[in-house]
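Here are my notes for you, point by point. Keep the structure open and find each residue as you read.

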Amino acid sequence: MSDTPFGFGLPPEEPDDGDEGKKKDQESGGGQGPSNPFGFGLPGAGGFGSPGADNPFAAMFGSLSPNDLGAAFQQLGQMLSYEGGPVNWDMAKQIARQTVSQGTADGTKDASVGPTDRTAVQEAVRLADLWLDDATSLPSGAGTAVAWSRAEWVEATLPAWQELVDPVAERVGNAMGDVLPEEMQAMAGPLIGMMRSMGGAMFGTQIGQAVGVLAGEVVGSTDIGLPLGPAGKAALLPVNIESFGKDLSVPQEEVRLYLALREAAHQRLFAHVPWLRSHLFGAVDGYARGIKVDTAKLEDVVGQFDPQNPEQLQDALQQGMFQPEDTPEQKAALARLETALALVEGWVDAVVHAAAKPRLSSADALRETLRRRRASGGPAEQTFATLIGLELRPRRLRDASRLWASLTDARGVDGRDALWHHPDMLPTASDLDDPDGFVHREQIDFSELDKMLGEAASGGSTGKPDLSKGPEDGEDRRKDDDGE
């Protein structure tokens with residue numbers, strides 16, 4: 001099926017050459033009159049297969065088989081009857097599942113996970129957790145280990161995508177209701193509702209395709225540095241792990257185990273740093289609130305939309321429709337998100353390397369392969385750019401990993417991991433530029449801090465440490481680091 005299985009648009013301008021122009025326009029599939037402003041119509045006598053018939057669906061659906069045509073009409077009905085939020089998530093799931101069923105570019109098809117693969121994943125995660133006990137003070141965060149098919153990954157991660165995407169989709173949906181011509185304002189109520197239904201369908205289509213493609217690339221539930229799956233559930237995708245490792249000249253068991261280490265390390269971090277998930281998703285939401293939609297471009301695209309070129313509207317959404325506001329708040333949200341993701345990925349990279357290096361001969365090669373995968377604009381960056389106009393900077397991963405490794409050498413595993421007690425204790429973006437400076441600039445007595453936290457939690461002390469600042473004049477230090 002095409003990227004967008006249905007077409008719609010506002011009426012074209014009146015042809016300059018009168019009736020002759022109208023005739024030509026009808027022969028090219030357009031020419032709906034003002035009584036049908038969105039380019040839809042009921043089946044006419046000309047039949048669906050006749051391009052010259054007075055039937056707006058002919059150009060869009062004329063080449064489809066009867067079964068495909070029925071499916072297209074069903075999707076069209078779903079689009080127009082949708083009355084939910086800014087994204088038609090039912091459509092997104094349907095298209096993601098369809099994308100998954102088509103397989104990946106290398107010809108790999110999705111398949112149900114068999115008992116052998118399920119057992120292999122469970123054993124790999126169990127062994128990975130044992131190895132990580134020596135590399136981090138954070139206890140296991142994976143209550144269960146599961147092996148997912150690509151379709152199961154789609155189902156399990158859609159709630160997280162909804163939380164990430166809805167803020168931006170809401171802005172676009174509202175903007176679509178604002179591009180109606182003045183002469184249509186008398187019909188504003190029903191028309192705006194229809195426009196928003198169309199906006200929900202557009203986003204549903206776009207997101208469904210992006211998530212479906214991503215499902216063919218990811219190897220677990222935390223590939224993009226965010227916890228997309230259910231809490232406490234370590235998940236790996238055997239079919240994608242096999243594709244990932246087939247050209248690496250590394251035994252499949254080692255590839256699976258290394259990826260299990262990464263998944264289990266992410267699970268530990270998100271399970272035992274309770275503020276981390278909301279911090280990351282909040283940064284995404286803060287960035288999304290600062291995005292403004294180019295309504296002039298949207299109005300131009302909608303007004304000139306050609307039903308025979310349905311990709312036009314989706315291309316517009318992906319090319320310059322989102323324009324970040326150049327404000328301090330917007331820059332701060334972006335910097336906060338980029339730094340937080342870099343710190344998460346850097347910590348996982350450092351911890352997994354410490355656990356794998358003494359035990360896996362392929363540890364160095366697998367580490368570099370995964371780093372290059374992120375740096376080359378892999379699934380995380382492309383998907384974020386498509387869905388919310390956000391491009392990540394994976395080059396910060398190496399800086400963050402180097403910082404965490406230096407902290408381990410200087411303060412030990414406990415001292416390094418204690419920085420996750422509160423977001424204000426973490427390195428800043430400027431600290432990633434000078435990791436050695438951060439490591440040696442402060443020597444915090446984490447044992448005393450842990451004692452205070454333990455006493456507060458047990459009720460043995462009424463005082464609580466002020467974690468919003470550093471141990472001395474952390475606020476001044478942070479301002480100095482940012483050059484203010």
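1. Start with helix α16 (residues 396-417), which holds both R396 and D399, three residues apart, or about one turn of the helix. In this predicted model, R396 and D399 form a salt bridge, with 2.8 Å between the closest N and O atoms. R396 is buried at 8% relative accessible area, and D399 also counts as buried, at 13%. Salt bridges with shared partners join R396, D399, R402 and D433 into one network.

2. Next, have a look at R367 and D349, whose salt bridge also has its closest N and O atoms 2.8 Å apart. This one links distant parts of the chain, as R367 sits in helix α14 and D349 in helix α13, 18 residues apart. Both residues are buried.

3. Now for E163 and R277, whose side chains meet in a salt bridge (3.2 Å, N to O). E163 lies in helix α6 and R277 in helix α10 (residues 276-289), so this pair ties together parts 114 residues apart in sequence. E163 is partly exposed, at 41% relative accessible area, and R277 is partly exposed too, at 32%.

4. Which charged residue is buried yet has no salt bridge? That's D166, found in helix α6 (residues 150-177). Its nearest side chain of opposite charge, R277, is 12 Å away. The D166 side chain does make a polar contact with the side chain of W89 (3.2 Å).

5. Finally, the cavities: the whole structure has four of 30 Å³ or more. Helix α14 gives the most to its lining, with five residues.

Definitions and conventions:
Residues numbered from 1 in each chain as written. Predicted model: local features only at pLDDT ≥ 70, side-chain atom pairs only at ≥ 80, totals over all residues. Heavy atoms only, no water. Helix = DSSP H or I, 4+ residues; strand = E, 2+ residues; numbered from the N terminus. Buried < 20%, exposed > 50% of the residue type's maximum accessible area, 1.4 Å probe, protein only. Lys, Arg positive; Asp, Glu negative; His and termini not counted. Salt bridge = Lys/Arg side-chain N within 4 Å of Asp/Glu carboxyl O. Polar contact = N/O pair within 3.5 Å; in protein donor to acceptor, adjacent residues only side chain to side chain. 1 Å grid on protein atoms, 1.4 Å probe; cavity = no way out; pocket = protein on both sides within 12 Å on 5 of 7 lines; lining within 4 Å. Points joined across faces, edges and corners; volume = space filled by probe spheres on them.
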